[in-house]
Amino acid sequence: MGRTTAISSTASIPTSIIITHRLCCLQPNQFLKSLNNINSISHNFARNKKKKKTIHRGSKISMAVEMVFEPILEEGVFRFDCSADATNLSFPTLSFVNPKQRDTPLVLVSNHKTPSYIPTFELLSQNQIVYLELPAGTSFYGTGEVSGQLERTGKRVFTWNTDAWGYGSGTTSLYQSHPWLLAILPNGDALGILADTTKRCEIDLRKESTAKLISASPFPVVTFGPFASATIVLESLSHAIGTVFMPPKWSLGYQQCRWSYDSHLRVREIAKTFRDKGIPCDVIWMDIDYMDGFRCFTFDKEAFPNPKSLADDLHAAGFKAIWMLDPGIKHEKGYFVYDSGSEQDIWVQTADGKPFVGEVWPGPCVFPDFTQEKARSWWSNLVKDFISNGVDGIWNDMNEPAVFKSITKTMPESNIHRGDAELGGRQNHLHYHNVYGMLMARSTYTGMKLANPNKRPFVLTRAGFIGSQRYAATWTGDNLSTWEHLHMSISMILQLGLSGQPLSGPDIGGFAGNATPKLFGRWFGVGAMFPFCRGHSEKGTTDHEPWSFGEECEEVCRLALKRRYRLIPHIYTLFYLAHTKGSPVAAPAFFADSKDSRLRTNENSFLLGPLLVYASTSSELGVHQLKHVLPNGTWMSFDFEDSHPDLPALYLQGGSIIPFGPPYQHVGEANLNDDLSLLVALDENGKAEGVMFEDDGDGYEYTNGGYLLTTYTAELKSSVITIKVAKAEGLWARPNRRLHVHILLGEGAMVDAWGTDGEDLQIVMPSDSDVSKLISASKNNYNIRIESAKLIPDVEKASGGHKGVELSGIPVEIKSGEWALKVVPWIGGRIISMEHLPTGTQWLHSRVEINGYEEYSGTEYRSAGCTEQYTVLDRDLEQAGEIESLKMEGDVGGGLAIERNISISQDNPNVFSIDSSLVARNVGAGSGGYSRLVCLRIHPTFSLLHPTESYISFTSINGSKHDVWPESGEQLYEGDLRPNGEWMLVDKCLGLGLVNKFNIDQVYKCLIHWNFGTVNLELWSEDRPVSKQSPLRISHSYEVRRIP
């Protein structure tokens, strides 16, 4: 059939574009030929007017061309490609459940519409660059597992699965890759955008209301919508990538983990303590120390001599047992897993065809090539046999795949995967890297189903790709025990949910570092409301169990988990809806009103269906001290007589009914005949509705009708509220149980009544005066609970341990020779004044809290390093009392610090020097001694006293000379185009030049960014992990020269 497009041909693609193609499974010149001969594209595209778009990139201007499109999947979903030939040459999709749906045009109907927004593209070298411009005021979300802010405008991420121990808010690549955007338009409509490529993809949202997607060509872009709501977009996305697997009900309980509970005795002690203290828990996790020398599918014969007996005892106490499996298989003859894998030839290979060997926990390891069916089947059968040890769930870790002693923290991109044809065939690791973890999780999931087809598998994976929710839950990786990471954890689980993965959560309390009692209790309060609820901590830290931080914190944790267990009937229902419809489990507050701009950046609250959770992530303020920004409409506050300053506030949306039950110690205690409670919030019309899903909690009988899905309604008429079953689905008979209905009146007040489930229940509404009295009494009781709550002690320990000079609020002055500098150590160690005394010239543009001279630990603007407190380690004083050098250090998180030494030499007083290092202080063993991916970025902001007469002058390494003026915009220089060790900011009116000299061996990029009245001359180090033996350093200096 004919293809719909908005251009007459693609002959308008600039002929100056150089296009290359490095694919292993296609003929090497096929894609080149198709695009270089683009004039020959079928004239099926010639019916509409040709469209080009001018794109400004720095000082360069290029023409972007609209992509061709066709409808796929369902109404409102479009696939876009650069050309018809590009469509035919694109790789098989690994995100779609049914690949044919992406590659088969939808049969057109008479009322078919063209896309509301058509991307444009340009081809540069090996990359396809896609632009999608949306209306001003558009907000961006999604992008999968990302740290930092909820609303993504201004951010840039790279989809490249990375072992990111100790990541920060500006880290651009974490453990999973979701090349997906959810755009909320100014009118509240929503649009989904999928770059369907497994390769590294840059998602650049730094230009307001514009999405820029860059990856190796060719790849299709698929859009979903615009639709009337974000929920509809997510449901449509699920029709493509699938829904979350239906979790066993026990997996929604609390789960306790640590690296490591090092023996069966310690595991039993942990389990017993939970039950003795009455703290709900369903799962105990076993990290790698259960293994024999870290060999997967083995057990340490001394520490875990009888895993089946341990599992049986845990089961008897109401616990499940989950065990870790990593992809790295010890390279050791005689080890049965290695031997069987070698016999079947299933290892990832090097470029010369030999099994790749990389260092991980066991030492030298080989890695299964999960792109091959025979490797997946081999792994699945190992898992099947492993389950016989009483294993209830499996934890896939280190599956980015992480490799120690590698600067990239993974295997070489040149490694070869001999993939199945339907996955893309034989390709290098660059092609399959981002899906390695998903394919491993898929194999693990399959193995668990083989072991017991009547049980639902539970797999947790660290690495994943969009679509991996079909096989596994996920967590947000090796986070830190800091208030920043507590705050980020809300946005991170929301972004994953907005990217198709609803079953996620953080390591509650933080993995790396020691939590304080208040931080741990506050984190538990909100973490108990997350879809996946697990506490986990790193070896070498203090104990992080709920009872580890004193009685006050223990009680907060107990209250938080009892809340969760009361709400499991509601949470389980949300997961059934997510599994069957693709709707979110946890969603941002703006889902209640996408037109309300106040809600689009609200990072303290989230929705569980109609239930709004509002948390404090501030160490200074309890939840009762915050101003709660709620969506418009009716929102009824409530609690379970458990309100506490460290627990979130709860609200139910008017018009809603949610089920809840008793606070069991574990999910297995529940009985179908137990009392059922309903919480009801009427809307302005006096009506409410809600659903509850029930089944065995495990297995697949629900797919054959073995369930009960009940729709409850409530309606107020003539002062009487009638609650009844409006609809029931499924083959299950309704259990014989009592029904306890609570009608919310406002401010936590309620009236309640008992009845029998399935029979109409009528409640007489109190008079207005009685309602007022009930509300007043409820407010009073709430205040009493808050005021009488036993507060967690405010003990905040510093994470660092340096014995430095105590910080003060007075800037430190460095004055010697020709320079007078002022430094504020307590805000990023920034230099706020840089005065050249002989000329009286102030070169820096700065306020105390921003601009001036800053340093970052990442490529992202204002990443860690520019706001942290720096400790003054050393001051060197002249006899006259003036300081001529200053040494500082700032903790930038993840075991890293920026060290900075500012000095003015007596031998050369016209120059001041800065020697900076990004060093590893306490990088966790879990990362093989290497940090997250970091970059030392020098970011000074200089004032332009005469902007039209100022420019940057330098000679490049290749000998070319450059005068760069403000109208050139932003310019980045790499390779031989870098300045050859110095560049100069020239002010022609003053006849002065500020010369910045630097060590060219330490600087990999130089960036010039002009702004109104200012310019940044940035120096960037290499972008790589650091260890204690391999810091990043930049040494540079400034001096002033007179210009004739």
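In this predicted model, helix 5 (residues 264–277) and helix 6 (residues 307–316) have axes that come within 11 Å of each other and cross at roughly 5°. An angle under 35 degrees counts as roughly parallel, and helix 5 and helix 6 are therefore roughly parallel to each other. A second pair, helix 11 and helix 12, packs at an angle of about 5° with axes 10 Å apart, which makes helix 11 roughly parallel to helix 12. The points below take up these helices, and then some individual residues in loops.

**Helix 5 and its surroundings**

- The contact between the two helices brings His 264, Val 267, Arg 268 and Ala 271 of helix 5 against Ser 309, Leu 310, Asp 313 and Leu 314 of helix 6. By class, the residues of this contact divide into four nonpolar, two polar and two charged.
- Helix 5 has 14 residues and spans 20 Å from its first C-alpha to its last, which is close to the 20 Å expected at 1.5 Å a residue.
- Val 267, Ile 270, Ala 271, Thr 273 and Phe 274 are the buried residues of helix 5. Viewed down the helix axis, the buried residues of helix 5 fall within an arc of 155°, so they line one face of the helix.
- Leu 265, Lys 272 and Asp 276 are exposed on the other side of helix 5.
- The partners against which the buried residues of helix 5 pack are strand 15 (255–256), strand 16 (283–286) and helix 6.
- After helix 5 comes Gly 278, which has a positive phi, near 65°.

- In the contact with helix 11, Lys 518, Leu 519, Arg 522, Trp 523 and Val 526 of helix 12 meet Trp 483, His 485, Leu 486, Ser 489 and Ile 490 of helix 11. This contact is made up of six nonpolar, two polar and two charged residues.

**Backbone geometry in loops**

- Most residues other than glycine have a negative phi, and most peptide bonds are trans. The residues in this group depart from one or the other of these patterns.
- Ser 217 and Pro 218 are joined by a cis peptide bond with an omega of about -5°, and Pro 218 is found in the loop between strand 13 (210–216) and strand 14 (221–227).
- Glu 400 and Pro 401 are likewise joined by a cis peptide bond, here with an omega of about 0°, and Pro 401 lies in the loop between strand 21 (393–396) and strand 22 (416–418).
- Thr 143 has a positive phi of about 60° although it is not a glycine, and this residue is found in the loop between strand 7 (139–142) and strand 8 (156–159). Because buried means under 20% relative accessible area, Thr 143, at 5% relative accessibility, counts as buried.
- Glu 747, which is not a glycine either, has a positive phi of about 55°, and it is found in the loop between strand 40 (738–746) and strand 41 (749–756). At 45% relative accessibility, Glu 747 counts as partly exposed.

- Gly 166 is found in the loop between strand 8 and strand 9 (176–177), and at 0% relative accessibility it counts as buried. The C-alpha atoms of Gly 166 and Phe 511 are separated by 8.8 Å, although these residues are 345 residues apart along the chain.
- Leaving aside neighbours within four places in sequence, Gly 166 is in contact with Asp 478, Leu 480, Gly 893, Gly 894 and Arg 932.
- Asn 910 lies in the loop between strand 50 (896–904) and strand 51 (911–920) and is partly exposed, with a relative accessible area of 22%. Asn 910 and Pro 838 are 72 residues apart in sequence, and their C-alpha atoms are 9.5 Å apart in space.
- Not counting residues up to four places away in sequence, Asn 910 touches Glu 818, Trp 819, Tyr 1038 and Glu 1039.

Notes:
Residues are numbered from 1 along each chain as its sequence is written. This is a predicted model: local features need pLDDT of at least 70, side-chain atom pairs count only at pLDDT 80 or more; totals for chains, interfaces and linings use all residues. Side-chain values use heavy atoms; hydrogens and water are left out. Axes are lines fitted to C-alpha atoms, for helices over the stretch in contact, and angles run from 0 to 180 degrees between N-to-C directions. Helices (H or I, at least four residues) and strands (E, at least two) are DSSP runs, numbered from the N terminus. Angles under 35 degrees count as roughly parallel, over 145 as roughly antiparallel, 65 to 115 as roughly perpendicular and the rest as oblique. Contact means heavy atoms within 4.5 Å. Ala, Val, Leu, Ile, Met, Phe, Trp, Tyr, Cys and Pro count as nonpolar, Asp, Glu, Lys and Arg as charged, and the others, Gly among them, as polar. The expected span of a helix is 1.5 Å times one less than its number of residues. Buried means under 20% relative accessible area, exposed over 50%, partly exposed in between (1.4 Å probe, protein chains only). The arc is that of the directions from the helix axis to the C-beta atoms.
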